[in-house]
Every structure is written in structure tokens, then in C-alpha cells.
Amino acid sequence: METMIMGFIFLPMLLMQCFMAALAMSQPNLTTDQYALLQFKAYVTSDPLNIMSSNWSSSATSICNWVGVSCGAFHSRVTALDLPNMNLTGSLPPHLGNLSFLVSINLSGNSFNGHLPPELGKLERLKFMDLSFNFLDGSIPDEIWLLSKLEIFRLGSNQLTGTISRNIGNLTKLRTIYIGDTKIGGKIPKEIGNLHNLEKLSIENANLSGLIPPNIFNISSLRWIYLHINNLFGTLPIDLCYHLPNLEDLHLGENQLNGSIPSSISRCEKLQQLGLGANRLTGYIPRSIGNLSKLIEIYLYENDFEGEIPKEIGNLHNLEKLSAGNASLSNIFNISSLRRIYLYENNLFGTLPVDLCYHLPNLEVLKLGENQLNGSIPSSIGRCKKLQLLGLKTNRFTGYIPRSIGNLSRLTKIYLDDNDFEGEIPKEIGNLHNLEILSAGNGNLSGLIPPNIFNISSLRGIYLETNNLFGTLPVDFCYHLPNVVLLNLGENQLNGSIPSSIGRCKKLQLLGLNTNRFTGYIPRSIGNLSRLTIIYLYDNDFEGEIPKEIGNLHNLVILSAGNGNLSGLIPPNIFNISSLRGIYLNINNLSGTLPVDLCYHLPNLEDLNLGENQLNGSIPSSIGRCKKLQQLDLGNNRFT
């Protein structure tokens, strides 16, 4: 009986001791987590959103209530640290490796710098790691490649260097790898082929070299492969798509791959994006590509294919972007889903179909420039109602620019330069109220410039140089051009005077009116164009002096007004524009002497051409201060 009584007395005491022991064991773990997080806070040097300063405190609530911190429901240990896009700056402390129950860490989109602490390799429970879009540098520590439970691994968009460890093959649960947009180099380890759960492989825009391990193309779970913009070489395997039934995106562009595109590409039946541009691929584009009915984007530009774009591409009714090269046009203009066509800089020839835009209701971009296309631009171009960019430059187009182009109300950019058109610029272009770039230089155009073009307030660039355009510029020339930056009307037959309203084009940086028949005075208002960097006024028939207001243009780099029938003195303040690199005032009737301090304020001057004028006096000794001068022409003057 006494034994039983003593048992009842000691049993509660034993249970209490066990509880206290358990508490003693758990308390250091909680303290460890708190200490690790406080050390993390201490390593943060900037917290503009006050995420930590207002919430993370040892005297405040439980760490499980801190912003960005999550804890387990049963053990109350920290399981997640999620602070993406918080504008945090600092470095990562080794103490993070003591968060032994951590499953997820997401610090992406901040400004953390420095090396990755090797102690992160102690986080044996970690499944999700996203430290992308920071400024981390150095190599990835070997210890991190041992996190066997890792499923999502994102360290891309940092400044990481080094190579990819072969131990990556041990991370068999990986579903996503993003270590692209870094400086990581070396070869792709073949051990990546062991990752049979991998869905996304993203190591683009890095310094990778060597062959692509062929066993990567055997990972049937892969949906996205991004290895573009590296130095990878070799050929694509013949059985490229035999084992990739789930592949949606394949981007291998901007490498040094050679050989032909395997016909097995057609087995990637779920493929939506195919990027093989800017490589050294040869042979024919396989017809089997037409079987990829889910394709949305094709990039095959800058290769060395032969033959035509296969007509089977016309079967791709979901295709939105086509960028191919070195081939002839076919029936691609019947693909109604197309939004963007990039076929520039190739050897395309032939004419555009009469019904060009009959079947392209969604087309936004048409770039066929720098080819050998001929014939006229079909009037059906006006049916591409959604067109925003029309690029037909540097071809052999003839005939008139169709008036129907004025129906394309969404157009922002027109490139028609370097062709052999005839006739005038259609006045209907003046209806394009969203137009930003009008480029039709060297196009054999004639007639007047439609004045309503100068009413398009959205215009930033007007390039109509090297044509046969004539007539005068409207008096209200710049009243409606608040955004124009580049204006080049040089090498035409324009006459009359330059309107004083030119001073209203406040954003103008380049003014090209050279080689025309302009007369009258150069307007003083040109001195209001404070952003001007280049002035081309040469080869005209002006009268009077160079306006002294040009000396106000403190960003001017080139002043070219040679052979302009100018007279009088050269305004001395022109020689105070320190940004000037070229002064071309030759073949005029300029008189007077050069200032004594000629080169005191011209540290960047490379060319000084004042020849064939009536300048007198001596050449200032300060000419020796123009240290960068490469060409000096003071001939045919009256220097003594």
C-alpha cells in the first residue's frame, strides 16, 4: 500500500519534469529562429517600406506574426520567409542556415548583394528557394547543390559567376531551375538529365558553352527550355522531340548551333514557342513544322537556311509571330491569327500579293525590310486595320504609295525608305494621328510635302531626305510638332525661307535641311532649340549672317552650314560651345578675325573647316589647345 501511495506522489512529479525538459529543449529552437531572423534584419541596410522596423522586434508579438514569416501549425517553428519585392537592400547572413524547419524562402525582387552563404546548405527541409532579381555575386556554394528536397530553384537575374555543379543531378525533385540572366559559365552538366521531374530549365543569357547534353531532351516532364543567348554549339539530335511530349517553349536562339532542324520537331505536339534564331543552322526548314498546330511564335531569323518557307506553315492557324529568314514568301499571308511578321534582312524576292491584308485582321507588325521585294505596295494594305508598324524599307518597290495607308489609324511607325517609288507622298498619311516615325528617305518621291503631316502632334521622327520634294515649309511649321526629335528633309528641292516657327520644336535634336534651295535668313529662333545636337544647313542659298543665338545651343555637336551663301562675322560665342566636335562653315562669304581664345572652350573639337571665306588677321596660337583636332581647313582666306 505504501508503495502505491509513493507511486501516486512521484508520477505527477515525473510528468512535470518531462514537460519541463521538453520545454527546455524546444525553447532554444524558438530562440534560435528568432535570433536568425533578427540577424537577417541586422544585415538589411535599407528598408524604405518599414517592413521590419515597424514589425520585426524581439519585444513585440511572436515571430510567427512578423510580416513575411510563417510557422508550422504544431511545432511553431519558422517554415517560410517570404519578402519579395519589398525594396530591401543588404546582404544575406549565415544565420539563415539555422532556420532548420524552413521549407520556403522568397526574397526575390530586392537589392540583396554579396555572396550566397554556404550555410544555406543546412536547410535540409527546403523545397522552395527564390532569390532571383537581386545583385548577388560569386559562385553558388557547393552546399546548396546538396538540398535534396528542393523543387523550385530560382537564382536568376543576379551577378552570379562560376559553373553549375555536377551535383545538380542529385536534386531529383527539382521542377524549376532558373539561373539565367547571370554570368554563370562552363558547360551544362549532363547530370541534369537525371532530373526526371524537371518542368522548366531556364539558363538563358549566361556564359554557357559547349554542347547541350542530349539526355536533356529525354526528360519527358519538360515544358519549358530556355537556353538562348549563350555560346552553345553542336547539332540538335535527330530524335529531338521523341521524348518531349509536354514541351511548350523551346528557346535555343542566339547560340552557335549548326546543322539542320530535325524533322522530329513535329513530335513536340504541344509546342507554342520555337526560338532557333541567330544560330548557324543550315538546310531546309522542315515541312513537318506545319504539324505543330499549337505554335504561336516562330523565331528562325539569322540562320543560313536554303529553299523556301514551307507552305505547311500556312496550316498554323494559331500563329501570331513569324520571324524566319533566307527564304521565299509563300502563303503565310493567309494565316488570320498572325499578329507579327518579322522577315527582314533576308533574301526574300518577288511581289506582295494583291490580297495582302485580306486575311490578316489581327496583324500589328509587318517587317519585310532589307530584302529584294519588288512591284508596288498593294492597296489592300489598308485592310490591316490593327497595323502599328509597317517596315518595307530597302527593297525594290516601285509605283505609288497607296492612299489606303491613311486608313491604318493605329500606325505608329512607317519605314519606306530606300525604294524606287514614283509620285507624291499621299496626303492621307496626315490622317494617322498616332504616327511617331515617318521614314521615306531615298524613295524617289516627288511633289509637295502634304502640310497636314506637320499637324501630327505625336511625330517624333520625320525622315524624308534624298528625294525630289519641292515647295516651301508652312509658316506654322512647328506649331503642332511638340514631340519631334529628328527632322531630316535634306537633299531635296525645297525653297523659300526656314520659318521662324522652327523655334517651337523644343525637343528637336537633329535638324537636317541641307542641300535644298532655301533662301532668306537663318531664323534667330533656332537658338531656342536647346536640345539640338546636330544642324545640317549646308548647300543652300541663304543671305545674311549666322545668328548669334546659335551660341546658346550648349548641347550642339555638329554645326554644318558650308556653301550656304552666308556673310558677316562668325558669332564668337559659337567657339564657347564645349560640346562641339565638328564646325563646317566653309565656302561662304564670312569675314572678320578668329578670336584670340579660339580653342579655350573647344576640348572636343575634331574638325574645323572654315576654308574658302574672307577671314583675315592671324591664326590664334590658342589653336594648339584643340587637342582632339583631326582636320583643320583654313585655306583660301585672307589670313596674314
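This is a predicted model: local features need pLDDT of at least 70, side-chain atom pairs count only at pLDDT 80 or more; totals for chains, interfaces and linings use all residues.
## About the model

Residues are numbered from 1 along each chain as its sequence is written, and side-chain values use heavy atoms, with hydrogens and water left out.

## Disulfides

Let's start with the cysteines. The structure holds 5 disulfides, where a disulfide is a pair of cysteine sulfur atoms within 2.5 Å. With the bonded cysteines numbered in sequence order, the pairing reads 1-2, 3-4, 5-6, 7-8, 9-10.

One of the links joins C64 to C71, with an S to S distance of 2.1 Å. Its torsion about the S-S bond is about -95 degrees, so this disulfide is left-handed. How accessible are its two ends? C64 has 25% relative accessibility and counts as partly exposed; C71, at 21%, counts as partly exposed too. (Buried means under 20% relative accessible area, exposed over 50%, and partly exposed in between, using a 1.4 Å probe and protein chains only.)

## Two links between loops

C357 and C384 form another disulfide, S to S 1.8 Å. The torsion about the S-S bond of C357 and C384 is about -95 degrees, so the link is left-handed. This pair connects distant parts of the chain, 27 residues apart: C357 sits in the loop between β24 (349–351) and β25 (365–367), and C384 in the loop between β26 (372–375) and β27 (389–391). Both C357 and C384 are buried. Strands here are DSSP runs (E, at least two residues), numbered from the N terminus.

A further disulfide joins C478 to C505, S to S 1.9 Å. It is left-handed, with -95 degrees about the S-S bond. C478 lies in the loop between β33 (468–472) and β34 (486–488), and C505 in the loop between β35 and β36 (510–512), so the pair ties together parts 27 residues apart in sequence. C478 is buried, with a relative accessible area of 2%, and C505 is buried as well, at 1%.

## A parallel sheet

Strands β33 and β35 also belong to an open sheet of 4 strands, in the order β31-β33-β35-β37, with parallel pairing. Its edge strands are β31 (446–448) and β37 (517–518), each pairing on one side only. Two strands pair if DSSP finds at least two bridges between them. Strand β35 (residues 493–496) is joined to β37 by 2 bridges, and the bridge partner of N495 in β37 is R517.

## Cavities

A search of the whole structure finds 2 cavities of 30 Å³ or more. On a 1 Å grid over the protein atoms alone, a cavity is a set of points where a 1.4 Å probe fits but cannot get out; lining residues have an atom within 4 Å of a point.

The largest cavity has a volume of about 70 Å³. Its lining includes Y301, E302, S323 and N346, and divides into 5 nonpolar, 2 polar and 2 charged residues. What lines the second largest cavity, of about 40 Å³? I522, L537, I546, I550, L559, A561, L566 and L585 do, giving 8 nonpolar, no polar and no charged residues.

Methods:
On a 1 Å grid over the protein atoms alone, a cavity is a set of points where a 1.4 Å probe fits but cannot get out, and a pocket is an open set with protein on both sides within 12 Å along at least five of seven lines; lining residues have an atom within 4 Å of a point. Grid points are joined across faces, edges and corners, and a volume is the space filled by probe spheres set on the points. Ala, Val, Leu, Ile, Met, Phe, Trp, Tyr, Cys and Pro count as nonpolar, Asp, Glu, Lys and Arg as charged, and the others, Gly among them, as polar.
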